[in-house]
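Here are my notes on this one, jotted down while going through the model. Have a look at it first, then read on.

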Amino acid sequence: MSELKLTSRSEDFSEWYNQVVQRADLADYAPVRGCMIVKPYGWALWENIQQALDRRFKATGHVNAGFPLFIPKSFLEKEKEHVEGFSPELAVVTIGGGEELEEPLVVRPTSETIIGYAYAKWIKSYRDLPVLINLWNSVVRWEMRTKLFLRTMEFWWQEGHTAHATHDEAQAETMQMLNVYADFAVNDAAIPVIEGRKSESEKFAGALRSYSIEAMMGDTKALQAGTSHNLGQNFAKAFNIQYLDRANELQYCWTTSWGLSTRFIGAIIMAHGDDQGLILPPKLAPHQVVVVPIFKNDAERGPVMEAVERARSTLAGADLRVKVDNRDDLTPGFKFNDWELRGVPLRIEIGPKDVAKGTVALARRDTLRAGKAGKSFVSQDGLAGMVADTLADIHASLFDRALAFRKAHTHDPKDYAEFKQVLEDGWAFSWWCGDRECEAQIKEDTKATTRCLPLEQPGGTGTCLHCGKPAREKAMFAKAY
Ligand SMILES: [Zn+2]
């Protein structure tokens, strides 16, 4: 499979992406158009993402639960903006067990409504608050234009749902989870992100305020990589989520929801990948290190495999995820290409000369160079420490590279003409009035949307780059996935 060269990113980024997803063995197309089969290598990556997030959710006091796939259709109709937002994307079940159902069921597009139903039953008093629950599940949205990981009809994700006594507590929770996502993106995925608030037209259907982390992909488009919503009392009022406060008065709760999905795998592919294929961030890679044995005959095989096994057990003992590629019928060169395509951060080669010298060769995926120049030779003693340090260095260099790329493609255009021009190949950070119609006109002119109003603002005020009206904040504009 590695015989064929990948389409280069500059030639056709979208085609490059499709080829990487399939040839790196991450996912495949399903018989139902728009659905996705996640293959074991892709799922292993998702499991590492899950663990990295779940650890953070638990550390901030959340617990996991399971909620049903089916939701009575009437539930979705209870919150007006929510039903308007999701109606076009719903999959509805009308027949069950061969009989027409009295009430149609929707396959969950997200679980706010059924959560609302349950929380209304569970929450009675201020003593029951806050409720901090997360779900790991899949949801269905009937998408017309799909692309593996980025937009599929069914996708896997987590959805957090919390209920609080006050607006301020709900707002603090919303910001806490946004920060959790940013921390995960930076420290586990090596992807720099902009944290910000969504504009009114881009916010979640039924939310008071929505926030997102936005990342720049290798083609300079933006990808919304995680969202956190302060739902205000909208769902609490629609579902009667009420509690008795300390003064014994009935109050509505304030709720939040927040989610990050398998779409994030698309972000990893597009933020770090190169013309040779995937580059996985070491902390999330299913295999952090692959060991390739090199020998020409049976006499060499024995001592080489002995050294390989020693290296494997040393690394595994240091909690590193290591894979030995002992496939017999393939050349080392083929294996090198194969693991480079699949993005393994670090390769170890061990041959007869290494056995004699007590060394191994290390080849980094992020600074791929052909032949000897791309390798360093290190002693087999202290290998685990050396590998751990190198992986940390790979993480840092992937992050630095992605950040430098984003900075080089983020502009502060002086007028609307320049604004339109920079959006062809980058982001614009510009003063914006906040007006919905102004935003729609910009979108029509440039195909770019407000990604967010970044939390980090320059201060002061300005004038809207498009309409000239006073502006209190700068927005990040970009074409997006
Ligand atoms: Zn404007």
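1. Ground rules first. This is a predicted model, where local features need pLDDT of at least 70, side-chain atom pairs count only at pLDDT 80 or more, and totals for chains, interfaces and linings use all residues. Residues are numbered from 1 along each chain as its sequence is written, and side-chain values use heavy atoms, with hydrogens and water left out.

2. Searching the whole structure turns up 3 cavities of 30 Å³ or more. A cavity here is a set of points, on a 1 Å grid over the protein atoms alone, where a 1.4 Å probe fits but cannot get out; lining residues have an atom within 4 Å of a point. Grid points are joined across faces, edges and corners, and volume is the space filled by probe spheres set on the points.

3. The largest cavity holds about 70 Å³. Around it sit E112, I115, G116, Y119, H161, T162, L231, F235, I241, T255 and T256. α5 (112-122) is the top contributor with 4 residues, while β8 (154-164) and β14 (254-261) each supply at least two. Helices (H or I, at least four residues) and strands (E, at least two) are DSSP runs, numbered from the N terminus.

4. What is the make-up of that lining, by class? The largest cavity has 5 nonpolar, 5 polar and 1 charged residue in its lining. For the classes, Ala, Val, Leu, Ile, Met, Phe, Trp, Tyr, Cys and Pro count as nonpolar, Asp, Glu, Lys and Arg as charged, and the others, Gly among them, as polar.

5. The second largest cavity comes in at about 50 Å³, with F336, W339, E340, V344, L346, R347, A363, R364, R365 and L368 lining it. Two or more of these residues come from each of α10 (332-341), β17 (346-350) and β18 (359-364), and α10 has the largest share, 3 residues. The lining counts 6 nonpolar and 4 charged residues, with no polar ones.

6. Buried or partly exposed: which is C464, and which is C467? C464 is buried at 4% relative accessible area, whereas C467 is partly exposed at 35%. Buried means under 20%, exposed over 50%, and partly exposed in between (1.4 Å probe, protein chains only).

Key
On a 1 Å grid over the protein atoms alone, a cavity is a set of points where a 1.4 Å probe fits but cannot get out, and a pocket is an open set with protein on both sides within 12 Å along at least five of seven lines; lining residues have an atom within 4 Å of a point.
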